[in-house]
Amino acid sequence: RVAPIYGESHEVFDERGFLTLPPCLWGDPADGLEEPFLLPLNTTLLSIKRNNNTLPHTGEMASWQMRGVVVPKEQDSDD
């Protein structure tokens with residue numbers, strides 16, 4: 001689970017009144033990352049975004065992004 005981080009200062013990327021969502025990263029566990037998992041090509045991914053325009057706001061700085069690679073199936077070897 002990724003939890004938002006609330007800004008606490010006036011420093012860049014830590015502005016009070018704003019929040020940031022760290023990216024979800026997978027990779028080599030030796031580098032401290034979670035091991036990636038494979039999703040079948042027919043996997044449905046769902047993203048729901050909710051906004052509240054009751055009060056004025058200065059805009060939204062980012063949107064949901066997804067990156068992936070196609071991993072070929074392993075072929076049987078007769079060696």
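## Exercises on a predicted model

Ser-9 sits in the loop that joins β1 (5–6) to β2 (19–20). The model is predicted, so please read every value below as computed from it.

**Exercise 1. Determine whether Ser-9 is buried or exposed, and find the polar partners of its side chain.**

Solution. 
- Step 1: begin with the accessibility. Ser-9 has a relative accessibility of 18%. The cut-off for buried is under 20%, so Ser-9 counts as buried.
- Step 2: look for a backbone partner. A polar atom of the Ser-9 side chain lies 3.0 Å from the backbone nitrogen of Glu-11.
- Step 3: look for a side-chain partner. The side chains of Ser-9 and Asp-14 make a polar contact at 2.8 Å.
- Step 4: list the residues touched, leaving out those up to four places away in sequence. Ser-9 touches Asp-14, Glu-15 and Arg-16.

**Exercise 2. Inspect the backbone of Phe-13 and say what stands out about its phi.**

Solution. 
- Step 1: Phe-13 is in the loop between β1 and β2.
- Step 2: recall the background. Most residues other than glycine have a negative phi.
- Step 3: read the angle. Phe-13 is not a glycine, and yet its phi is positive, at about 70°.
- Step 4: With a relative accessibility of 77%, Phe-13 counts as exposed.

**Exercise 3. Classify the aromatic pair of the structure and state what it ties together.**

Solution. 
- Step 1: count. The structure has one aromatic pair.
- Step 2: take the geometry. The ring centres of Trp-26 and Phe-37 are 5.4 Å apart, and the planes meet at 85°.
- Step 3: compare with the cut-off. Planes over 60 degrees apart count as edge-to-face, so the pair of Trp-26 and Phe-37 is edge-to-face.
- Step 4: locate the partners. Both Trp-26 and Phe-37 lie in the segment after β2, so the pair ties together parts that are 11 residues apart in sequence.

**Exercise 4. Find the residues that make the nonpolar surface patch, and check the accessibility of Trp-26 and Met-66.**

Solution. 
- Step 1: name the members. Trp-26, Phe-37, Leu-39, Leu-45 and Met-66 make a nonpolar surface patch of about 520 Å².
- Step 2: check Trp-26. Its relative accessible area is 42%, which is partly exposed.
- Step 3: check Met-66. This residue lies in the segment after β2 and is partly exposed too, with a relative accessible area of 45%.

**Exercise 5. Identify the backbone atoms that the side chains of Asp-28 and Thr-43 reach.**

Solution. 
- Step 1: take Asp-28, in the segment after β2. Asp-28 is partly exposed at 43% relative accessibility, and its side chain reaches the backbone nitrogen of Ala-30 at 2.8 Å.
- Step 2: take Thr-43, also in the segment after β2. Thr-43 has a relative accessible area of 31% and is partly exposed.
- Step 3: find its partner. The Thr-43 side chain reaches the backbone oxygen of Pro-40 at 2.8 Å.

**Exercise 6. Describe the whole protein by its secondary structure, burial, contacts and surface.**

Solution. 
- Step 1: count the elements. The protein has zero helices and two strands.
- Step 2: Of its 79 residues, 4% count as buried.
- Step 3: Among contacts with a separation of 6 or more, 4% join residues 24 or more positions apart.
- Step 4: finish with the surface. The accessible surface is about 8600 Å², and carbon and sulfur atoms hold 55% of it.

Technical notes: Residues numbered from 1 in each chain as written. Predicted model: local features only at pLDDT ≥ 70, side-chain atom pairs only at ≥ 80, totals over all residues. Heavy atoms only, no water. Helix = DSSP H or I, 4+ residues; strand = E, 2+ residues; numbered from the N terminus. Buried < 20%, exposed > 50% of the residue type's maximum accessible area, 1.4 Å probe, protein only. Polar contact = N/O pair within 3.5 Å; in protein donor to acceptor, adjacent residues only side chain to side chain. Contact = heavy atoms within 4.5 Å. Phe/Tyr/Trp six-rings, centres within 6.5 Å; stacked < 30°, edge-to-face > 60°. Patch = residues over 30% accessible without salt bridge, like charges linked within 9 Å, V, L, I, M, F, W, Y side chains within 5 Å. Areas by Shrake-Rupley, 256 points an atom, 1.4 Å probe, with all protein chains shown as cover. Salt bridge = Lys/Arg side-chain N within 4 Å of Asp/Glu carboxyl O.
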